[in-house]
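Thank you all for making time this morning.

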Amino acid sequence: MVKSTRHAKYELYYHIVFVPKYRHSYLTGKTKERLETIFEEVCEDKDLELAESEVMPDHVHLFIGSPPKNAPSLIVNWVKGISARKYNQRYDDRVKWTRSYYVGTAGSASKEAIEQYIAEQEGEDA
């Protein structure tokens with residue numbers, strides 16, 4: 001779904017994947033449930049759309065929508081850093097993420113949609 005700010009229309013979604021330190025398979029049960037809740041909190045606090053999340057035993061997949069002002073690396077930094085800090089403050093067991101991650105873009109704009117947008121802008125001042 002196309003969203004907008006004062007000056008932009010956008011449809012930006014990022015597929016983010018990251019793993020716990022040492023790639024241990026401990027993201028199950030209560031840990032998985034707690035992390036899913038924390039990821040939702042982080043996205044809500046940072047005005048991001050958590051479209052999908054899947055916490056696997058040894059890695060995490062997130063599908064996050066964001067305004068264009070947020071760089072993908074910033075989004076990953078927020079999600080990993082804040083989630084680890086919140087989890088470790090609330091619970092006795094610890095979560096640590098590796099520094100590495102994968103991020104891919106997803107979104108669609110057809111040629112016709114772009115042409116229509118450009119045509120709509122012809123009469124407006126820049």
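Before any residue is named, a word on exposure: I call a residue buried when its relative accessible area is under 20%, exposed when that area is over 50%, and partly exposed in between, using a 1.4 Å probe and protein chains only. Please keep in mind that this is a predicted model, in which local features need pLDDT of at least 70 and side-chain atom pairs count only at pLDDT 80 or more, while totals for chains, interfaces and linings use all residues. Residues are numbered from 1 along each chain as its sequence is written, and side-chain values use heavy atoms, with hydrogens and water left out.

Let me begin with the loop between β3, residues 13–18, and α1, where Tyr22 is placed; helices (H or I, at least four residues) and strands (E, at least two) are DSSP runs, numbered from the N terminus. Tyr22 has a phi near 65 degrees, which is a positive value in a residue other than glycine, and Tyr22 is exposed, at 64% relative accessible area. Arg23 sits in the loop between β3 and α1 as well, and its phi, near 50 degrees, is again positive in a residue that is not glycine. With a relative accessible area of 46%, Arg23 counts as partly exposed.

Now to the charge pairs. How many salt bridges does the structure hold? There are seven, where a salt bridge means a side-chain nitrogen of Lys or Arg within 4 Å of a carboxyl oxygen of Asp or Glu.

One of them pairs Glu49 with Lys3, with the closest N and O atoms 2.6 Å apart. This pair links distant parts of the chain, given that Glu49 belongs to strand β4 (residues 49–55) and Lys3 to strand β1 (residues 3–4), 46 residues apart. Both partners are partly exposed, Glu49 at 26% relative accessible area and Lys3 at 27%.

Another salt bridge brings together Glu54 and Lys32, at 3.8 Å from N to O. Because Glu54 lies in strand β4 and Lys32 in helix α1 (residues 29–45), this pair ties together parts that are 22 residues apart in sequence. Here Glu54 is partly exposed at 36%, and Lys32 is partly exposed at 26%.

Through salt bridges that share partners, Glu41, Asp45, Lys86 and Arg90 are joined into one network. The side chain of Lys86 also makes a polar contact of 3.4 Å with that of Glu41, a polar contact being a pair of N or O atoms within 3.5 Å, where within protein one must be able to donate a hydrogen and the other to accept it, and where residues adjacent in sequence count only if both atoms are side-chain atoms.

Finally, Arg94 is found in the loop between α2 and β6, residues 102–106, and is partly exposed, with 48% relative accessibility.
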